[in-house]
Amino acid sequence: MTVQHTGTAGQDLERIDGVAKVRGLAPYAYEHQVDNPLYLHPLQATISRGRIETIDTTQAQAAPGVVAVMTHLDAPRLAGTDDAELAILQSPAVGFRGQFIGAVLAETPEAARAAAALVRVEYTEEPHEAELRADRDDLYAPEQVNAGFPTDTRDGDPESAIAAAQVVVDQTYTTPFEHNNPMEPHTTVAQWVGDELVLHDSTQGVHPVRQTLAPVFGIAPEKIRVIAPNVGGGFGSKGVPHAHVVLTAMAAQRSNGRPVKYALTRQQMFFLAGYRTPTIQHVRLGADASGQLSGIIHDVIEQTSRIKEFAEQTAVPARMMYAAENRATSHRVAKLDVPVPSWMRAPGECPGMFGPEVAMDELAEACGIDPIELRVLNEPDIDPESGKPFASRHLVECLREGARRFGWADRDPQPRSRLVDGWYTGTGVASSTYPARRQTGNTARIRHDRAGRYSVQIGAVDIGTGAWTALTQIAAEALGCNAADIDLQIGDTDFPVATVAGGSTGTTSWGAAIIAAAQAFRDRHGDQPAVGAHAEGEAGENPAAQEYALHSFGAQFAEVQVHADTGEIRVSRMLGVFSAGRIINPRTARSQFLGGMTMGLGMALHENSVMDPRFGMIVNHDFAEYHIPTNADVRDMEAVWLDEVDEHAGKLGARGIGEIGIVGAAAAIANAAYHATGIRVRDLPLTADRFLA
Amino acid sequence: MTGSMHPTATDAATTAVTVNGSEMSVAEVAPHTTTLQWLRGSGITGPKEGCAEGECGACAVMVARPGGDGGTRWTSINSCLVPAAALAGQEIYTAEGLASSEALHPVQQEMAMRGGSQCGFCTPGFVCSMAAEYYRKDRSGCACGEAGCGTAPTTSDIVSAARVVPSGNELPWSLAVDDDARPLAPGLPPRTAVDPPARTEPATRYESTPGHEPETGPNGFDLHALSGNLCRCTGYRPIRDAAFALGDVDPRDPLAQRRDRPAPASRPLRLGSPGSAFVRPADLDEALGLLAETPDAVLLAGSTDWGVELTIKHRRAPLTIAIDQLDELRRFHVSDDHVEIGAGLTITEVERHLDGSVPLLAELFPLFASQLIRNAATIGGNLGTGSPIGDTAPALLALDAGLVLASSRGERTIALADYFTGYRKSVRTADEIIKSVVIPMPVLPLGRFYKVAKRKFDDISSVAVAIAARVTDGEVAEIRVGVGGAAATTIRARETEAFLRGKPWTAETFEAAAEIMRVEGTPMSDHRASARYRSATLAQSIRRFHEEVAS
Ligand SMILES: Cc1cc2nc3c(=O)[nH]c(=O)nc-3n(C[C@@H](O)[C@@H](O)[C@H](O)COP(=O)(O)OP(=O)(O)OC[C@H]3O[C@@H](n4cnc5c(N)ncnc54)[C@H](O)[C@@H]3O)c2cc1C
Ligand code: FES
Ligand code: FES
């Protein structure tokens with residue numbers, strides 16, 4: 001007997017959580033019913049560096065509805081203060097504008113906010129530095145960059161190779177200071193129940209929150225329960241708990257056991273919830289007249305906060321993208337008196353593919369060859385960085401398929417040669433890549449609840465990626481049943497341990513644990529399990545990662561129109577072709593890709609947090625001024641993918657799709673804008689004034 | 001006649017908002033509490049707070065507003081901006097109320113099916129904006145473009161077309177087959193092909209020309225309806241798929257039927273306490289009396305400006321006087337020599353009343369904020385704030401409009417050109433209300449509105465230029481140029497106008513005029529645009545006007 005089950009992995013299943021969400025009934029962190037809550041309004045530093053001399057809370061304490069006002073003078077002492085971002089209210093020192101320096105707890109949000117305005121603070125200001133510049137004399141080499149990558153790499157003698165090259169591109173590119181801006185502001189509802197801390201948190205990982213907070217509060221991780229069934233986006237900014245979680249949990253120590261609710265305002269998010277560092281990228285390429293690369297150098301300058309190091313791995317993709325005998329990369333970091341940077345969608349790859357992919361466009365033009373052919377020509381046989389073979393590298397197929405669909409063959413390479421109705425039109429291409437990693441430390445539990453129905457538990461979180469649906473499908477496939485027979489339970493530390501929803505590792509890492517649990521379940525209980533039968537499974541490392549370099553690839557195409565008179569720029573068409581291993585659910589995958597490309601469009605055209613270095617102030621700290629793409633900015637946009645399976649990416653065959661859609665998108669748009677106007681803009685975002693000749 | 005002589009009723013019916021069909025009292029709600037805060041605080045948490053300043057639409061709700069035809073128009077607005085008290089007596093719907101306990105609303109059905117919801121935080125707002133457009137009476141047609149057909153492209157079609165089979169790479173694959181070929185799930189064959197989902201839908205595709213994506217679906221759905229809703233997850237395409245797949249409205253749908261009855265009538269109201277009061281006066285006289293008594297009262301119209309003051313700046317007013325439903329401010333009158341537009345009409349309503357009859361304004365409206373904001377923002381409020389980057393002022397200057405200012409002392413009409421006196425300052429005295437905007441008719445035959453913003457839609461202008469002109473016998477007989485964003489107030493480009501008047505209608509003339517225009521005003525540099533860019537845009541607008549009109 002053979003059965004085809006419905007809703008298993010690979011099938012085009014509608015979102016399981018979709019119905020509750022369209023009804024407006026899916027509860028997010030702030031919306032969980034808690035009894036008798038108090039509301040928190042923070043006090044924030046209004047200087048960029050220095051110390052608090054006096055902080056007068058008398059009026060605030062006396063204001064109606066106020067239960068407590070907490071400052072560094074009286075806040076609970078934290079057990080762990082190694083992470084300076086989280087060690088708030090422990091000293092009078094101020095590390096950046098907007099940092100938490102206290103909190104008001106009151107019966108209503110209105111009362112808390114009104115009272116917060118009554119607190120008087122006097123500071124001693126120290127000189128601050130808030131401007132990232134390449135000519136700073138205090139740039140330093142961090143010990144390593146994020147995800148454990150080496151700070152610098154060097155193969156061969158790229159300087160000499162480039163000096164001797166027939167064609168050279170030597171340019172500096174910059175990417176903006178960007179904020180993740182998930183639609184749901186970061187939110188924490190905290191309550192101490194005896195010696196246990198219960199958090200409803202808007203987070204990308206319930207167990208990571210617990211593990212991070214346990215040492216901060218000096219309690220065992222098991223004493224912290226974190227719940228997050230629905231999360232309104234994260235894009236990295238909810239990947240690690242930020243200071244507001246600590247602030248809320250501290251405040252809940254002053255609330256006589258009452259729960260404390262705090263949702264950051266959109267404005268506060270710009271200072272307190274992480275961001276992508278701006279980067280200054282010096283790219284040098286050397287090639288022969290045919291375009292064959294002999295040298296690649298990618299030197300990156302970026303910022304971190306003086307109080308905590310976060311060193312974006314920007315130059316990492318240049319290490320593996322193209323074949324060239326001589327290669328060097330470096331990262332130099334400025335410690336500034338600014339908010340703490342953090343993860344943002346495709347950290348490393350997203351900014352790090354901008355400079356090199358525009359440089360490749362410049363090289364193609366200098367060599368007089370097509371930018372796609374240039375990339376094909378420099379396609380490596382093996383991973384240039386590790387020397388391992390690629391598990392699956394289909395960049396060329398992506399480029400070719402994209403070229404076919406986009407109509408690239410008819411492209412006239414001459415820039416500034418198509419003026420239609422007052423708009424210059426052009427097209428551009430860029431490559432995309434993102435590593436496929438599996439996180440270890442995931443366990444899933446499967447239980448046969450009643451005849452033919454299984455509950456599957458894992459502490460995974462769906463931040464909008466579709467985990468509710470994809471993990472259900474994976475479980476159904478692994479157990480050999482219909483999706484409708486799976487009762488997936490996620491988003492709670494009461495379920496087995498899971499890693500963060502980030503780095504495109506969620507589905508594959510959690511999925512591997514679910515597959516392991518299904519295998520253990522079948523091994524132990526066979527085909528006819530008794531009701532109540534259960535098993536756990538833990539996913540280890542992907543053994544193939546020892547032998548193969550695992551990366552996803554993609555090709556981004558853009559058509560851009562630039563108004564001849566005003567320089568206004570629009571992206572009239574975008575196409576992304578991706579090779580990301582097996583696609584677990586094409587319906588949710590499509591919008592993951594499209595969403596990533598759209599965020600790349602935002603990076604190209606709009607997104608830019610403007611730092612006023614005189615005040616260490618992010619000037620445009622709201623949605624009125626920090627623009628993300630609207631519906632009208634997204635014109636003809638299509639995402640397609642190669643129908644493939646990566647047999648080295650574990651049993652699932654998938655490599656993860658959360659980030660690849662954003663990588664390369666901005667470069668493709670910038671390249672198209674050059675093709676349209678003949679004006680090469682190397683700094684994002686591509687604002688209208690840059691195109692007024 | 002003063003307000004205090006007109007005690008107004010505060011009975012239960014007056015102080016209730018009908019939310020999703022049930023009455024909820026706002027009698028105890030403070031005048032500064034926004035509808036969003038109130039709803040969420042009352043357990044209706046479908047509407048979300050994404051920004052609290054009208055930018056994201058996560059808070060959108062649907063309100064029953066006068067349809068202009070004696071019936072009702074479902075209108076989506078930003079609940080984060082409007083005080084709850086201002087909705088007393090009105091009917092609103094949130095996403096929760098649209099579905100019945102068993103069945104999803106068609107809009108919800110499409111959104112859920114097509115993946116229009118990912119993280120879902122923006123979804124209830126999108127659902128409300130989409131539903132309002134779904135119910136628009138003059139939206140017609142079904143998803144395939146043919147009446148009564150009821151088909152739309154399926155998401156399965158779209159995603160299966162998105163799957164590229166690379167030659168030589170097609171691998172049969174199933175998890176259920178273990179490494180050593182031992183099935184985890186007995187009886188499951190290796191998968192060689194992917195089955196479509198259980199739902200089967202007719203496969204029709206709407207056609208789109210690359211680069212010219214439709215803004216109106218085959219079902220008449222105008223995408224501008226979603227312009228005030230932001231989504232960070234989906235890339236908007238699945239949402240658009242849902243919008244364009246909506247069919248005709250079922251005439252048995254109670255919300256559809258509701259459109260045929262009048263919107264709730266305005267009822268006078270008095271809420272709050274001294275020092276924090278909310279009054280909806282019965283008529284203009286009462287409003288003027290109150291304003292004369294309390295000069296620091298805040299006038300509330302669409303609350304798109306006041307709402308931001310409330311939430312972001314945390315301003316509180318001793319007295320809020322709601323003027324948005326005053327009859328005297330909601331009139332629209334056309335005569336031979338002028339059009340008079342009530343100051344309390346929203347931008348959306350003005351657009352509908354004018355129906356393209358003033359092309360300059362017709363060009364402006366779609367560029368003004370977002371549909372959500374336009375549904376609430378009034379034309380009087382746009383002038384009342386005196387913002388130098390308000391969009392209507394430059395256009396109305398070019399149209400030589402006048403304002404009728406009313407106070408308890410009487411009425412006066414002044415030219416808009418004489419109205420602004422400085423940054424957010426005008427000749428309007430503290431006791432005056434803008435009653436109406438008067439546009440002399442016929443308008444000059446040539447009109448153009450140029451708005452340059454950082455983002456094409458849903459953004460405040462960096463620079464806005466409105467030009468109205470008449471060309472007679474090859475000469476510029478009359479020209480008026482209104483400019484926003486180039487000085488502390490909206491200005492007329494007087495030097496440019498003077499130069500052009502009487503000059504031949506030629507490219508050379510306008511080339512020369514552009515250089516004069518370049519130095520009109522005193523543009524500043526800020527993070528929206530540099531002074532240089534602003535000046536360049538001013539110059540370009542003059543050239544562009546000639547170029548576009550000449551062709
Ligand atoms: C997200 C967003 C985007 C926006 N985008 C644009 C844009 O693109 N272009 C643009 O021009 N504007 C834009 N605005 C501002 C625009 O919405 C307002 O200026 C609006 O027109 C004000 O009208 P209102 O009815 O909402 O006024 P309210 O907020 O109700 O009142 C605003 C002020 O005007 C006074 N006022 C209101 N009516 C009168 C009257 N009849 N007589 C005298 N005084 C009065 C009030 O006392 C108050 O101080 C935007 C606003 C937001 C929130
Ligand atoms: S909450 Fe963002 S528009 Fe209302
Ligand atoms: S679905 Fe997440 S913001 Fe729209």
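Predicted model: local features only at pLDDT ≥ 70, side-chain atom pairs only at ≥ 80, totals over all residues.
Domain bounds here come from an automatic or database domain assignment.

The assignment gives chain A three domains. Domain 1 covers 18–27 + 440–540, domain 2 covers 32–126 + 181–272, and domain 3 covers 144–178 + 276–436 + 547–691. Taken over C-alpha atoms, the centres of domain 1 of chain A and domain 3 of chain A are 34 Å apart.

Those two domains do touch: 14 residues of domain 1 of chain A are in contact with 16 residues of domain 3 of chain A. On the domain 1 side, the elements giving two or more residues are α12 (467–479) and α13 (506–525) of chain A. Of these, α13(A) gives the largest share, 5 residues. What classes of residue make up that side of domain 1 of chain A? There are 4 nonpolar, 10 polar and no charged residues.

Next, the core. The largest nonpolar core has 396 residues. Inside this core, A:I514 and A:I669 have the most contacts. The helix that gives the most to the core is α16 of chain A, residues 665–677, with 10 residues. As for A:I514, leaving out residues up to four places away in sequence, its contacts are A:A444, A:V456, A:I458, A:L471, A:I474, A:A475 and A:A478.

One more helix in chain A, α6, residues 243–251. Why call α6(A) largely enclosed by the rest of the structure? Because 9 of its 9 residues are buried. The buried residues run from A:A243 and A:H244 at one end to A:M250 and A:A251 at the other, and include A:T248.

Now the two chains together. The contact between them takes 87 residues from chain B and 96 residues from chain A. On the chain B side, several elements each supply at least two residues, among them α4 (123–134), α6 (237–245) and α17 (531–550) of chain B. Which element of chain B gives the largest share of that side? It is α17(B), with 6 residues. By class, the side of chain B that touches chain A has 45 nonpolar, 25 polar and 17 charged residues.

Strand β28 of chain A, residues 636–642, is joined to β6(B) by 2 bridges, and the strands run parallel. Within this pairing, A:W641 has B:R163 as its bridge partner in β6(B). Strand β6 of chain B, residues 163–164, is also among the elements that supply at least two residues to the side touching chain A.

Notes
Residues numbered from 1 in each chain as written. Chains lettered and ligands numbered in written order. Core = buried A, V, L, I, M, F, W, Y, C linked by C-beta atoms within 7 Å. Buried ≥ 20, exposed ≤ 12 C-beta atoms within 10 Å, placed from the backbone. Helix = DSSP H or I, 4+ residues; strand = E, 2+ residues; numbered from the N terminus. Contact = placed C-beta atoms within 7 Å. Nonpolar A, V, L, I, M, F, W, Y, C, P; charged D, E, K, R; others polar. Pairing = 2+ DSSP bridges.
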